[in-house]
Amino acid sequence: MPLDWAQVRKKYGKGVSIPTVAGGKSLQITGADDEAIHIKSPLWTAKLSRNNLEKAVELIEQGVIAREPGLFVEDYRVYVADERPTSAAHVLKDLGFLGEDKGYHARC
């Protein structure tokens, strides 16, 4: 299922705090617009571009990029961009695109 940007804007448009993939911490999203999701930490601000996130979801669905968050980060750097890959993993996990690949483990 492709990334529904209207849902992304609805979920993150006014800002929200989401859990990190490892848990115990959170990522502060300050908003979302037509071009990007905007994030901040105490030391920096950044954006996750819509184009890169949509490309990542497409590659996840094609099986090119891993669904496991740790592996996803490296794949994102190689196949998409070196644009805050760990933050992208937090967001895509929150949106339900990353997590344990239950289909793979069921076949083992």
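Contact here means heavy atoms within 4.5 Å.

**Before selecting.** This is a predicted model, in which local features need pLDDT of at least 70 and side-chain atom pairs count only at pLDDT 80 or more, while totals for chains, interfaces and linings use all residues. Residues are numbered from 1 along each chain as its sequence is written, and side-chain values use heavy atoms, with hydrogens and water left out.

**Stop 1: Tyr12.** Select Tyr12 and show what surrounds it. Leaving aside neighbours within four places in sequence, Tyr12 is in contact with Ile18, Ile29, Gly31, Ala32, Ile37, Val91, Asp94 and Leu95.

**Stop 2: the nonpolar core.** A nonpolar core is a set of buried Ala, Val, Leu, Ile, Met, Phe, Trp, Tyr and Cys residues joined through side-chain atoms within 4.5 Å. Buried means under 20% relative accessible area, exposed means over 50%, and partly exposed lies in between (1.4 Å probe, protein chains only). The largest such core has 28 residues, and Tyr12, Ile37, Leu53, Phe72, Val91 and Leu92 are those with the most contacts inside it. Next, colour the elements that give two or more residues to this core: α1 (5-12), β2 (26-32), β3 (36-40), α2 (50-62), α3 (69-79) and α4 (85-94). With five residues, α2 gives the most. Helices (H or I, at least four residues) and strands (E, at least two) are DSSP runs, numbered from the N terminus. In soluble globular proteins, nonpolar side chains tend to be buried together.

**Stop 3: Phe72 and Tyr76.** Rings of Phe, Tyr and Trp (its six-membered ring) pair if their centres lie within 6.5 Å; planes under 30 degrees apart count as stacked, over 60 as edge-to-face and the rest as tilted. By this rule the count is one aromatic pair. Select Phe72 and Tyr76: their pair is tilted, at 5.4 Å centre to centre and with 40° between the planes. The two are separated by about one helical turn because they are four residues apart in helix α3. Phe72 is buried, at 0% relative accessibility, and Tyr76 is buried with a relative accessible area of 0%.

Stop 4: Seven of the 10 residues of α4 are buried, so the helix is largely enclosed by the rest of the structure. To see them, select Pro85, Ser87, Ala88, Ala89, His90, Val91 and Leu92. In the loop between α3 and α4, pick Arg84. Phi of Arg84 is near 50°, a positive value in a residue other than glycine. Arg84 counts as partly exposed, at 35% relative accessibility. Just after α4, Gly96 takes a positive phi of about 95°.

**Stop 5: the largest pocket.** On a 1 Å grid over the protein atoms alone, a pocket is an open set of points where a 1.4 Å probe fits, with protein on both sides within 12 Å along at least five of seven lines; lining residues have an atom within 4 Å of a point. The largest pocket holds about 190 Å³ of space. It is lined by 14 residues, and Leu27, Ser41, Trp44, Ser87 and His90 are the closest to its centre. Both β2 and α4 give two or more residues to the lining; the largest share, four residues, comes from α4.

**Stop 6: Asp34.** Finish in the loop between β2 and β3, where Asp34 is placed. Asp34 is partly exposed, with a relative accessible area of 43%. Asp34 and Trp5 are 29 residues apart in sequence and 7.9 Å apart in space, C-alpha to C-alpha. Leaving aside neighbours within four places in sequence, Asp34 is in contact with Trp5, Arg9 and Arg50.

Technical notes: Grid points are joined across faces, edges and corners, and a volume is the space filled by probe spheres set on the points.
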